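Okay, thanks everyone, let me put this one up on the screen. I'll keep it short and just walk through a few spots.

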Amino acid sequence: ENAKEIFTMIEKKEIEGYLCATTLTTLFYLVNKYLSKVKSIEAIQAILGIFEIADVDKKVLLASLENSGKDYEDSVIYTSAYYAKVEYIVTRDLKGFEKSKVKTVTPKEFLKLI
């Protein structure tokens with residue numbers, strides 16, 4: 001419910017939401033397991049219409065290696081957020097983001113902050 005509320009706020013442009021560029025490929029893969037390719041493309045297009053994208057380039061990938069905690073994928077996410085000057089990372093996986101330079105909060109914590 002908390003995440004749904006945050007998504008609604010982003011959709012209404014009350015707050016700005018970012019996704020890491022690599023998250024879109026993961027989302028497409030997961031959605032495409034259950035929906036047709038056409039429906040999967042439509043879903044990704046809808047997400048791209050709502051969220052901004054934190055870039056993943058060579059600088060982010062190299063810095064992610066240096067900042068890497070237990071999981072390189074998480075490191076890419078929080079490093080791209082740092083370079084995009086994102087204020088908060090909202091996740092239920094706080095342990096995966098312990099090395100993040102960006103403040104990491106749960107959806108419930110985020111709603112209390114704003």
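This is a predicted model: local features need pLDDT of at least 70, side-chain atom pairs count only at pLDDT 80 or more; totals for chains, interfaces and linings use all residues.

I'll talk about a salt bridge, then a serine, then a threonine.

The partners are E42 and K39, and their closest N and O atoms sit 3.9 Å apart. With the cut-off at 4 Å, that pair makes the list. Where are they? Both are in helix α3, residues 37-50, and because they're three residues apart there, about one helical turn separates them. As for accessibility, E42 comes out at 42% relative accessibility, partly exposed, and K39 at 47%, also partly exposed.

Next, S75. You'll find S75 in helix α5, which covers residues 72-83. Buried or exposed? Buried: S75 has 0% relative accessibility. If you skip the neighbours within four places in sequence, S75 is in contact with S64, N67 and S68. And if you want a distance to T104, S75 is 29 residues from T104 in sequence and 13 Å from T104 in space, C-alpha to C-alpha.

What does the T91 side chain reach? The backbone nitrogen of D93, at 3.0 Å. Again setting aside neighbours within four places, T91 is in contact with F97, T104, V105, T106 and P107.

Conventions:
Residues are numbered from 1 along each chain as its sequence is written. Side-chain values use heavy atoms; hydrogens and water are left out. A salt bridge is a side-chain nitrogen of Lys or Arg within 4 Å of a carboxyl oxygen of Asp or Glu. Helices (H or I, at least four residues) and strands (E, at least two) are DSSP runs, numbered from the N terminus. Buried means under 20% relative accessible area, exposed over 50%, partly exposed in between (1.4 Å probe, protein chains only). Contact means heavy atoms within 4.5 Å. A polar contact is a pair of N or O atoms within 3.5 Å; within protein, one must be able to donate a hydrogen and the other to accept it, and residues adjacent in sequence count only if both atoms are side-chain atoms.
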